[in-house]
Amino acid sequence: MYRYNTHGTCSRQIEIEMDGDTVRSVRFIGGCTGNTQGLSRLVEGMQADEVIRRLKGIQCRAGTSCPDQLARALERIRTQA
């Protein structure tokens, strides 16, 4: 389980489970419950690179968003692997 502390969003943290390069599960701590649950379900089973490609750069406030923070978290996981 990877934990990523978010910056500039209503959510405070993202918990991510990976299976190799595939996103197994995502759980946002805080944030807009419906949006973060929907986002989490949509990316389950996707390759990390595809999630990053689709979500990186989406803005909500402060130049970032929960989707963008998820992309950044996955990028960090890739650099640690």
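Okay, ground rules. Because the model is predicted, local features need pLDDT of at least 70 and side-chain atom pairs count only at pLDDT 80 or more, while totals for chains, interfaces and linings use all residues. Residues are numbered from 1 along each chain as its sequence is written, and side-chain values use heavy atoms, with hydrogens and water left out.

Let's start with the record. Over residues 4–76 the chain is 41% helix and 27% strand, with the end C-alpha atoms 9 Å apart. When I say helix or strand, I mean DSSP runs numbered from the N terminus: H or I with at least four residues for helices, E with at least two for strands.

Now, helix α3. It has 15 residues and reaches 21 Å from its first C-alpha to its last, close to the 21 Å expected at 1.5 Å a residue. That expected span is 1.5 Å times one less than the number of residues.

Which residues of α3 are buried? They are C66, P67, D68, Q69, L70, A71, A73, L74 and I77. Buried here means under 20% relative accessible area, exposed means over 50%, and partly exposed is in between, with a 1.4 Å probe and protein chains only. These buried residues pack against β1 (2–5), β2 (11–19), β3 (22–30), α1 and α2 (48–55).

Let me pick two of them. A71 sits in α3 and counts as buried because its relative accessibility is 0%. Setting aside residues up to four places away in sequence, A71 touches I52, L55 and K56, where contact means heavy atoms within 4.5 Å. A71 and R53 are 18 residues apart in sequence, yet their C-alpha atoms are 7.9 Å apart in space.

Beyond its neighbours within four places, L74 is in contact with I16, M18, V23, A48, V51 and I52. As a bit of background, an α-helix has 3.6 residues a turn, so residues three or four places apart point the same way.

Over to strand β2, where E15 sits. Is E15 buried or exposed? E15 is buried, because its relative accessible area is 13%. Leaving out residues up to four places away, E15 touches M1, Y2, R3, S25, V26, R27 and I29.

For contrast, look at A62, in the loop between α2 and α3. A62 counts as exposed at 68% relative accessibility. Its phi is near 55 degrees, a positive value in a residue other than glycine. Most residues other than glycine have a negative phi.

Last stop, the largest pocket. About 200 Å³ of space lies in it. A pocket, on a 1 Å grid over the protein atoms alone, is an open set of points where a 1.4 Å probe fits, with protein on both sides within 12 Å along at least five of seven lines; lining residues have an atom within 4 Å of a point. Grid points are joined across faces, edges and corners, and the volume is the space filled by probe spheres set on the points. The lining includes C10, C32, C60, R61 and C66. α1 gives the largest share, three residues.
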